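Welcome! Here is a short briefing to read alongside the sequence and the 3D view.

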Amino acid sequence: QVQLVESGGGLVQPGGSLRLSCAVSGSIFSISVMGWYRQAPGKQRELVAAITSGGSTKYSDSVKGRFIISRNNAKNTAYLQMNSLKPEDTAVYYCNAEVLSSPIKQTLDAWGKGTLITVSA
């Protein structure tokens, strides 16, 4: 089994910053892609940013230049540094990881439970 735990959510004023963390634990052989998704009220879940084990990154156009995704492979942890936050960034943010399990080599698409980010004055 694999577990993902997000932390770092909360209330922030427009223009402020927050840093999310996502720790992956359990029967892990390796983690290929880790990503952050978000879902605002009444909207579909969307990709915010993703990062491969080699460090290649991808961002949605709405956060490019404001958010930075990173990861520590040794700690099986991903981070999302969110700067210049806007009210439209308000959503539940979910961590996702593509995990190759151990000892049975099975690819798992694992999700965290989500953390709420509210951007409001």
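## The chain as a whole

Residues 24 or more positions apart account for 55% of the chain's contacts that have a separation of 6 or more, where contact means heavy atoms within 4.5 Å. Before you explore further, note that this is a predicted model, in which local features need pLDDT of at least 70, side-chain atom pairs count only at pLDDT 80 or more, and totals for chains, interfaces and linings use all residues. Residues are numbered from 1 along each chain as its sequence is written, and side-chain values use heavy atoms, with hydrogens and water left out.

**Overall build**

- Along its principal axes, the C-alpha trace spans about 50 × 25 × 20 Å.

**Surface and interior**

- Of the 121 residues, 38% count as buried, meaning under 20% relative accessible area, while exposed is over 50% and partly exposed lies in between (1.4 Å probe, protein chains only).

**Strand E11 and its partners**

- On strand E11 (residues 115–119), Thr115, Ile117 and Val119 form the covered face, whereas Leu116 and Thr118 form the uncovered one.
- Strand E2 (residues 10–12) pairs with E11 in the parallel sense over 3 bridges; to count as a pair, two strands need at least two bridges found by DSSP. Glycine 10 stands opposite isoleucine 117 of E11.
- Strand E9 (residues 91–101) runs antiparallel to E11, and 3 bridges join them. Here tyrosine 93 has threonine 115 in E11 as its bridge partner.

**A closer look at threonine 77**

- Threonine 77 sits in strand E8 (residues 77–82).
- Why does threonine 77 count as buried? Because its relative accessibility is 9%.
- A polar atom of the threonine 77 side chain lies 2.9 Å from the backbone oxygen of lysine 75.
- Leaving aside neighbours within four places in sequence, threonine 77 is in contact with Cys22, Ala23, Met34, Ser70, Arg71 and Asn72.

Note on methods: Helices (H or I, at least four residues) and strands (E, at least two) are DSSP runs, numbered from the N terminus. A polar contact is a pair of N or O atoms within 3.5 Å; within protein, one must be able to donate a hydrogen and the other to accept it, and residues adjacent in sequence count only if both atoms are side-chain atoms.
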